[in-house]
Amino acid sequence: MSVLLFDFVNVLYNPIDKQLNGEVFEYIKELKERKIPLFLFTNVSSERLEIYDKRLDFLRYFKKVTCGDMYVKPDIRAYESLKELTGCDFEEMILVDDSYENIEVGRSLGIKGIQFVNIEDLRKELEKLIN
């Protein structure tokens, strides 16, 4: 089974509105109900994530979180921690990120990637990879 790695800013969280992207959040809830392992892979610091979570209540939908406390994407060292975090090989991971560069670094390691543009494309591409 694949594990899903979601970015926070510009995927799950809209920094302009300072709110969660409601359609993406609903899809994340749906994926969790389907027992698909979800992980948050973000450059946001753990301190900032706690502040966001107190207001938006989203972290409970993710098995674990890796954040920008030590290394940030696209630094390869940020990706290297994912095997230990998820307990999976890179080839079992799917990264959803808005940054093409972040997706490409992941792909160089064997991680499947979807560049987030909108919820419709995300659903279509992700369902192809997890089914």
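Begin by selecting strand β4, residues 38-41, together with β5, to which β4 is joined by three bridges, the two strands running parallel. Keep in mind during the whole tour that this is a predicted model. Within this pair, highlight Phe39 and look across to β5, where Lys64 stands opposite Phe39.

Now widen the selection to the sheet that holds these strands, an open sheet of five strands in the order β5-β4-β1-β6-β7, with parallel pairing. Which strands stand at the edges? Colour β5 (64-66) and β7 (112-115), since these are the edge strands, and each has a single partner strand, so one side of each is left without a neighbour in the sheet. If you look along the sheet, you can follow how neighbouring strands are turned against each other, on average by 20 degrees when direction is ignored.

The next element to show is helix α6, which packs on this sheet and touches β1 (3-6), β6 (93-97) and β7. Compare the directions of α6 and β7, which make an angle of about 170 degrees.

Two packed helices are described by the angle between their axes and the distance between the axes. Here α1 (residues 22-33) and α6 (residues 119-130) pack at an angle of about 20 degrees, and their axes are 10 Å apart. With that angle, α1 is roughly parallel to α6, and the crossing in which α1 passes α6 is right-handed. To see the contact itself, show the side chains of Glu23, Val24, Tyr27, Glu30 and Leu31 on α1, and those of Ile119, Leu122, Arg123, Leu126, Glu127 and Ile130 on α6. Sorted by class, this contact of α1 with α6 has seven nonpolar and four charged residues, and no polar ones.

Two loops deserve a stop of their own. Most residues other than glycine have a negative phi, and most peptide bonds are trans. In the loop between α1 and β4, select Lys35, which has a positive phi of about 65 degrees although it is not a glycine. Then move to the loop between β5 and α3 (76-80), where Pro74 has its place, and inspect the peptide bond from Lys73 to Pro74, which is cis with an omega near 10 degrees.

Finally, zoom out to the whole chain, whose secondary structure comes to six helices and seven strands, following the pattern β-β-β-α-β-α-β-α-α-β-α-β-α when read along the sequence. The chain has a radius of gyration of 13 Å, close to the 14 Å that the globule rule gives for 131 residues, so the chain is as compact as a globular protein of that length. Taken along the principal axes, the C-alpha atoms of the chain fill a box of roughly 35 × 35 × 25 Å.

Key
Residues numbered from 1 in each chain as written. Predicted model: local features only at pLDDT ≥ 70, side-chain atom pairs only at ≥ 80, totals over all residues. Heavy atoms only, no water. Axes fitted to C-alpha atoms, helices over the stretch in contact; angles between N-to-C directions. Helix = DSSP H or I, 4+ residues; strand = E, 2+ residues; numbered from the N terminus. Parallel < 35°, antiparallel > 145°, perpendicular 65-115°, else oblique. Left-handed = near helix turned anticlockwise from the far one by under 90°. Contact = heavy atoms within 4.5 Å. Nonpolar A, V, L, I, M, F, W, Y, C, P; charged D, E, K, R; others polar. Pairing = 2+ DSSP bridges. Rg over C-alpha atoms; globule rule 2.2 N^0.38 Å.
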